[in-house]
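Please look over the sequence and the structure shown here before reading on. The report is meant for someone meeting this structure for the first time.

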Amino acid sequence: MSTTRHNWTKEEILDIYNKPLMELLYEAATVHRLHHDPNTVQVSTLVSIKTGGCSEDCGYCPQAARYNTGVEGNDLMSVQQVKAQALRAKSNGSSRVCMGAAWRNVKDGEEFDQVLEMVRTINKLDMEVCCTLGMITENQAKRLAEAGLYAYNHNLDSSEEYYKQVISTRGFEDRLQTIDNVRKTNVTVCSGGIIGMGEKVEDRAGMLVSLSTLNPQPESVPINALVAVEGTPLENEEPVSIWEMIRMVATTRIVMPETQVRLSAGRTQMTREGQAMCFFAGANSIFAGDKLLTTPNPDVNEDMKMFEELGLTPQKPFAKKVQPQTVEASESQYQPLGENPKWTRPDHKIERNEAAKLKAKAVK
Ligand code: SF4
């Protein structure tokens with residue numbers, strides 16, 4: 001019987017990642033069956049509630065204002081617009097809605113109040129609600145929890161060492177601090193990363209050390225394959241092979257046996273057979289909908305066809321944890337504190353980020 005460990009070392013994780021593939025698959029599939037129904041896969045829908053114009057310099061992201069990627073920005077969506085998208089997602093088999101806003105961090109005020117109202121509205125549709133809004137304080141996490149938030153997403157992206165070669169405008173420590181703030185509430189944690197950004201296998205293992213040594217481990221871990229978007233600093237990165245994706249999923253499954261491992265960005269580059277092997281290796285969650293924030297994703301009908309072929313069933317909402325209660329704004333215990341936390345801005349120079357910024361300036 002496998003038990004959850006919180007003391008994995010990089011060497012141990014590398015040994016797992018580099019096992020002969022058949023052995024790795026067998027071990028991961030065995031762990032998977034001990035903790036999950038292998039025929040059930042969670043379906044989440046990602047809604048970009050505020051797109052583009054972001055002040056950060058994440059090297060993989062087409063929403064960063066400083067790069068020229070052709071992403072059209074939009075202001076924060078209305079509660080009614082988000083509700084309509086959530087209802088559509090529900091009728092297409094999604095049990096979770098993840099709302100993403102291209103913000104560095106949450107600021108108390110009208111826009112955050114509007115997001116809290118979105119959380120209340122979707123929770124009342126009996127769907128799991130997740131948000132990804134950037135860095136948040138403990139009080140902001142408590143306000144989200146009170147509104148009925150089920151999960152908060154905040155990805156570590158890569159190893160602490162490689163993170164510095166992708167992003168210069170915020171620090172890895174602040175990522176961990178935000179996760180810690182979420183952990184002071186009943187909201188579950190969703191945190192993962194991206195492979196194919198030019199990192200070494202050691203960095204992938206390093207990221208899994210950071211995630212698996214959290215106690216508790218994140219309830220969801222998205223594994224993304226970079227979608228290299230023209231105009232971003234990482235535009236010329238080669239796509240990762242399906243074998244790397246399978247190895248990453250299997251290793252994540254073994255070191256975090258209870259978590260939901262989500263196949264996220266990059267699924268359009270995978271065949272159905274490749275995705276099936278990822279499910280066998282322990283992936284048990286996908287993002288549905290034809291767009292993931294701004295990058296393409298398989299059509300929802302195609303996904304349902306794949307589920308039928310593979311005999312997979314979408315997971316019901318609140319299968320892992322009871323539905324949180326929504327407290328109305330008028331009865332809220334927590335008020336905005338007008339905080340102005342000093343989130344880190346290391347601002348070191350990353351050559352390829354600088355080059356992409358200069359290229360964008362020349363075009364604009
Ligand atoms: S990943 Fe998020 S924080 Fe980074 S540039 Fe994109 S929207 Fe901004």
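## The model and its core

The structure is a predicted model. Its largest nonpolar core holds 96 residues, and among these V119, L144, L149, Y152 and V249 touch the most other members. The largest share of this core, 7 residues, is contributed by α9. In soluble globular proteins, nonpolar side chains tend to be buried together.

For L144, the contacts beyond its neighbours within four places in sequence are L116, V119, C131, L149, Y152 and V187. Of these partners, V119, L149 and Y152 are themselves named among the core residues that touch the most other members.

## Helices α4 and α5

Helix α4, which covers residues 110-123, and helix α5, which covers residues 138-147, have axes that come within 8 Å and cross at roughly 30°. Because angles under 35 degrees count as roughly parallel, α4 is roughly parallel to α5. On the α4 side the contact is made by L116, V119 and R120, and on the α5 side by R143, L144 and A147. By class, the residues in the contact of α4 with α5 are 4 nonpolar, no polar and 2 charged.

## Helices α9 and α10

The axes of helix α9 (residues 242-255) and helix α10 (residues 272-280) come within 9 Å, crossing at roughly 20°, and the two helices are therefore roughly parallel to each other. The crossing in which α9 passes α10 is right-handed.

In this pair, I242, M245, I246 and V249 of α9 meet G274, M277 and C278 of α10. The contact of α9 with α10 comprises 6 nonpolar residues and 1 polar residue, with no charged residues. V249, which takes part in this contact, is also one of the residues that touch the most other members of the largest nonpolar core.

V47 lies in strand β1, which spans residues 40-50. With 21 other C-beta atoms within 10 Å, V47 is buried, and, not counting residues up to four places away in sequence, V47 touches V82, Q85, V97 and M99. V47 and E160 are separated by 113 residues in sequence and, C-alpha to C-alpha, by 28 Å in space.

L358 belongs to helix α12, formed by residues 351-363. This residue counts as exposed, because L358 has 11 C-beta neighbours inside 10 Å. Although L358 and Y67 are 291 residues apart in sequence, their C-alpha atoms are 8.4 Å apart in space.

How values were computed. Residues numbered from 1 in each chain as written. Predicted model: local features only at pLDDT ≥ 70, side-chain atom pairs only at ≥ 80, totals over all residues. Axes fitted to C-alpha atoms, helices over the stretch in contact; angles between N-to-C directions. Helix = DSSP H or I, 4+ residues; strand = E, 2+ residues; numbered from the N terminus. Parallel < 35°, antiparallel > 145°, perpendicular 65-115°, else oblique. Left-handed = near helix turned anticlockwise from the far one by under 90°. Contact = placed C-beta atoms within 7 Å. Nonpolar A, V, L, I, M, F, W, Y, C, P; charged D, E, K, R; others polar. Core = buried A, V, L, I, M, F, W, Y, C linked by C-beta atoms within 7 Å. Buried ≥ 20, exposed ≤ 12 C-beta atoms within 10 Å, placed from the backbone.
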